[in-house]
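Colleague: I have the file open at last. Could you walk me through the helix packing and the charged pairs?

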Amino acid sequence: SKRARGMELALQFYPTSKEAHFPAKATDDQLKLLGFQVECESALGRSDFIDTSLSETISKLTKLGEQRRVARLKSDFKVPDKRFWWLTIRALAEARMWDALERFSREKKSPIGYEPFADACIEQRVNTEAIKYIARISDPVCKARR
């Protein structure tokens with residue numbers, strides 16, 4: 001695309017000094033994300049990935065059940081575990097994918113606790129789902145607030 005060519009050209013003009021490292025890396029990352037989004041649009045027959053952030057791309061793919069692509073993004077862009085968990089919880093709750101949310105909660109111990117799971121269910125007004133996670137909250141004060 002025209003934008004990708006522009007970013008590739010910009011990369012050539014960044015000097016190799018320390019001051020230019022961040023903008024060069026950011027441009028390179030954006031170029032990689034754009035390529036990934038083009039690939040997703042083509043493979044999934046959709047046109048709503050380009051021009052979205054990394055977080056939005058992860059959320060959309062999560063809602064589509066594209067876990068392999070999500071894992072690749074998480075790895076390629078070194079998404080921190082806590083951020084990844086927040087994004088996944090919110091996306092699954094927004095999509096009302098309650099079974100997937102419960103499976104995700106049991107994959108491993110949550111690095112952000114179980115309050116975000118309960119909160120996401122409450123935001124979607126599904127208190128029966130929230131109860132599952134409230135029971136897993138270890139802090140009695142947090143548990144009582146829910």
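Colleague: Let's start with charges: in what kind of contact do the side chains of aspartate 29 and lysine 32 meet?

Modeller: Bear in mind that this is a predicted model. In it, the side chains of aspartate 29 and lysine 32 form a salt bridge, at 3.9 Å from N to O.

Colleague: And where do aspartate 29 and lysine 32 lie?

Modeller: Both residues lie in helix α2, three residues apart, which is about one turn of the helix. Aspartate 29 is partly exposed, with a relative accessible area of 22%, and lysine 32 is also partly exposed, at 40%.

Colleague: How many salt bridges does the structure hold?

Modeller: There are 14 salt bridges in the structure. Another one joins the side chains of aspartate 48 and lysine 60, at 3.8 Å from N to O. This pair links distant parts of the chain, since aspartate 48 is in the loop between α2 and α3 while lysine 60 is in helix α3, 12 residues apart. Aspartate 48 has a relative accessible area of 26% and is partly exposed, and lysine 60, at 25%, counts as partly exposed too.

Colleague: Which residue does glutamate 94 form a salt bridge with?

Modeller: Its partner is lysine 63, and the closest N and O atoms of the two are 2.8 Å apart. Glutamate 94 is partly exposed at 39% relative accessible area, and lysine 63 counts as partly exposed at 35%. There is also a network, in which salt bridges with shared partners join Glu102, Arg106, Glu129 and Lys132.

Colleague: Switching to packing, are α1 and α2 roughly parallel or roughly antiparallel?

Modeller: Helix α1, residues 2-13, packs against helix α2, residues 21-44, at an angle of about 155 degrees, with the axes 10 Å apart. The two are therefore roughly antiparallel, and α1 passes α2 in a left-handed crossing. On the α1 side the contact is made by Arg3, Ala4, Met7, Glu8 and Leu11, and on the α2 side by Ala24, Thr27, Asp28, Gln30, Leu31 and Leu34. By type, these residues divide into six nonpolar, two polar and three charged.

Colleague: What about α7 and α8, at what angle do they pack?

Modeller: The angle between α7 (residues 115-123) and α8 (residues 127-134) is about 170 degrees, and their axes are 8 Å apart. That makes α7 roughly antiparallel to α8. Phe117, Ala118, Cys121 and Ile122 of α7 meet Asn127, Glu129, Ala130, Tyr133 and Ile134 of α8, and the contact residues comprise seven nonpolar, one polar and one charged.

Conventions. Residues numbered from 1 in each chain as written. Predicted model: local features only at pLDDT ≥ 70, side-chain atom pairs only at ≥ 80, totals over all residues. Heavy atoms only, no water. Axes fitted to C-alpha atoms, helices over the stretch in contact; angles between N-to-C directions. Helix = DSSP H or I, 4+ residues; strand = E, 2+ residues; numbered from the N terminus. Parallel < 35°, antiparallel > 145°, perpendicular 65-115°, else oblique. Left-handed = near helix turned anticlockwise from the far one by under 90°. Contact = heavy atoms within 4.5 Å. Nonpolar A, V, L, I, M, F, W, Y, C, P; charged D, E, K, R; others polar. Salt bridge = Lys/Arg side-chain N within 4 Å of Asp/Glu carboxyl O. Buried < 20%, exposed > 50% of the residue type's maximum accessible area, 1.4 Å probe, protein only.
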